[in-house]
Amino acid sequence: MEIVAAADSDERGLSLLKVVNVLQRVVVFIHSFTIDKFKGNLQRPSGASQEMPHMREEDIATKVKDICQELVLNHEAMKEVCSCLQEEINRGLGKDSNPEATIKCFPTYVRELPNGKENGRFLALDLGGTNFRVLLIELGAKCTMDSRIYAVPQPIMVGPGEGLFDHIAECLASFIKERDLGTELLPLGFTFSFPCKQEGLTKARLACWTKGFKCAGVEGRDVVELLKQAIARRGDVKIKICAVLNDTTGTLMSCAWKNHNCRIGLIVGTGTNACYMEKLEKVELWDGSTDEPHQVIINTEWGAFGDNGCLDFVRTEYDNTIDRESINPGRQLYEKMISGMYMGEIARQVLVRLVSDGLLFGGYASDILLEKGSFFTKYISEIESDKPDDFNNCRAILEELGFNDATDADCANVRYACECVSRRAANLAAAGVAVLLNRINEESVTVAVDGSVYRFHPHFHNLMVEQISHLIKPGIKFDLMLSEDGSGRGAALVAAVASRSASMR
């Protein structure tokens, strides 16, 4: 807008006003250029309508809820999930039905729980993700741990199997040398958190890789033997492998050391799995001793639940895309609906759908949001940690994603979408726990739980407790207990119990 000088302004005044007018035009131009440049960083998602009609915030919120409705599981759906899981576990435990079962229900050969009197020094190896740990654990009146984390580089995760075990052996040797343990023959518990068919306490054949691993030449082979071979190739490490276990078993054992009612171990982290104590009479697969105790921990490997299509009635377009674009299509479908490896990507796809329908950010998406894997699972926990009507975390995350002008309504709708994704994950995990509680059918049972999703999501625990309460038999009492370092201390406890049992024979 130009400023017009009064008729009686002198020549100098007119000159000054002309300068002001020019400066104002420059400011307007710069402002317009900046806005255009900002909008240039946003784009309509592929397939989005080019005409985005103006809608009231209330109408937008209603449409967002309508779109997210397929992620909301009602009580009848939850009961059906439980029924399917019960059937699949029975098939997994059956001798004739196991080969075709999706939930393999591997006996772990761990039959005794800690009595709280375990003592001594033990080594533990913990491999279950992109990092692995070596631990020195001393059990007694207290538990002390000294550990170091080592990375598993991406090329090793998808390279030859021999390379993976050589890397583990190298890190183990380094750990032992740094702590001057070379002269001491310590029992070792090996936590190997991938689906394995155990043939004994120290023998486990890898069924299939998960969690982004794809090392050639390992599936179908005994991972303990592969580790022993790698150690032998070095010739500078002396250890005694007493047990190989899954992180779920370690989680259960670690919790049971303090709480003797513990019968279930659950992981909800990068992946998801559960184990539980089952009566031998129900385990047709059992080929070991039938002496007391007449029980064994079963590693369900329930991440594969639904691989036969029995969960298709609750799966969505987002789940289908996640599966189709994964490195293991058609496998681990239950895990892909629950675990931290996939939850963020499910939420991202929902957000892109909402943008495409003109319900978020004016119908414009940033390049970052359109990139697969850009919406981390931790974002869901952070966004849901905001107090009601407070969007500080949400705004900070949206700015990271390239949205600098998100409205309160945008933030509220983003949070609602995240809540639907995380609530569904918690409900599905709860259904699994309810099935195991009903199978055990004891008056009071503690469930040991670990994993980043359970630990860090602000509402996951409460959501699970609420859903489990609706699905268990009347009269069963339960509590969810955060397990302290199940894959580390739990491995040492399995080794300790195994050593105690061997000495009593």
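This is a predicted model: local features need pLDDT of at least 70, side-chain atom pairs count only at pLDDT 80 or more; totals for chains, interfaces and linings use all residues.
The structure as a whole has four cavities of 30 Å³ or more.

The largest pocket has a volume of about 1400 Å³, and its lining is made up of 48 residues, with G129, G269, T270, G271 and S452 lying nearest the centre. If we sort that lining by class, we find 14 nonpolar, 23 polar and 11 charged residues. Several elements supply at least two lining residues each, among them the strands β3, at 120-127, and β4, at 131-139, and the helices α7, at 247-256, and α14, at 452-456. Which element gives the most to this lining? It is α10, with seven residues, and this helix spans 340-356.

Staying with α10 for a moment, I would like to point out R348, which lies in that helix. Is R348 buried or exposed? Its relative accessible area is 9%, and because buried means under 20%, R348 counts as buried. Setting aside the neighbours within four places in sequence, R348 is in contact with a run of residues that you can follow on the structure, namely L369, L370, E371, K372, G373, S374 and F375.

In general, two packed helices are described by the angle between their axes and the distance between the axes. For α11 and α12, the latter covering residues 392-400, the axes come within 7 Å and cross at roughly 145°. On the α11 side the contact involves Y379, E382, I383 and S385, which meet N393, C394, I397 and E400 in α12. By class, the residues of this contact divide into four nonpolar, two polar and two charged.

Finally, a few words on the chain as a whole, which contains 16 helices and 15 strands. Of its 505 residues, 54% are buried. Among contacts between residues at least 6 apart in sequence, 72% join residues at least 24 apart. The accessible surface of the chain comes to about 23300 Å², and carbon and sulfur atoms account for 51% of that surface.

Definitions and conventions:
Residues are numbered from 1 along each chain as its sequence is written. Side-chain values use heavy atoms; hydrogens and water are left out. On a 1 Å grid over the protein atoms alone, a cavity is a set of points where a 1.4 Å probe fits but cannot get out, and a pocket is an open set with protein on both sides within 12 Å along at least five of seven lines; lining residues have an atom within 4 Å of a point. Grid points are joined across faces, edges and corners, and a volume is the space filled by probe spheres set on the points. Helices (H or I, at least four residues) and strands (E, at least two) are DSSP runs, numbered from the N terminus. Ala, Val, Leu, Ile, Met, Phe, Trp, Tyr, Cys and Pro count as nonpolar, Asp, Glu, Lys and Arg as charged, and the others, Gly among them, as polar. Buried means under 20% relative accessible area, exposed over 50%, partly exposed in between (1.4 Å probe, protein chains only). Contact means heavy atoms within 4.5 Å. Axes are lines fitted to C-alpha atoms, for helices over the stretch in contact, and angles run from 0 to 180 degrees between N-to-C directions. Accessible areas come from the Shrake-Rupley method with a 1.4 Å probe; for residues, only the protein chains shown count as cover.
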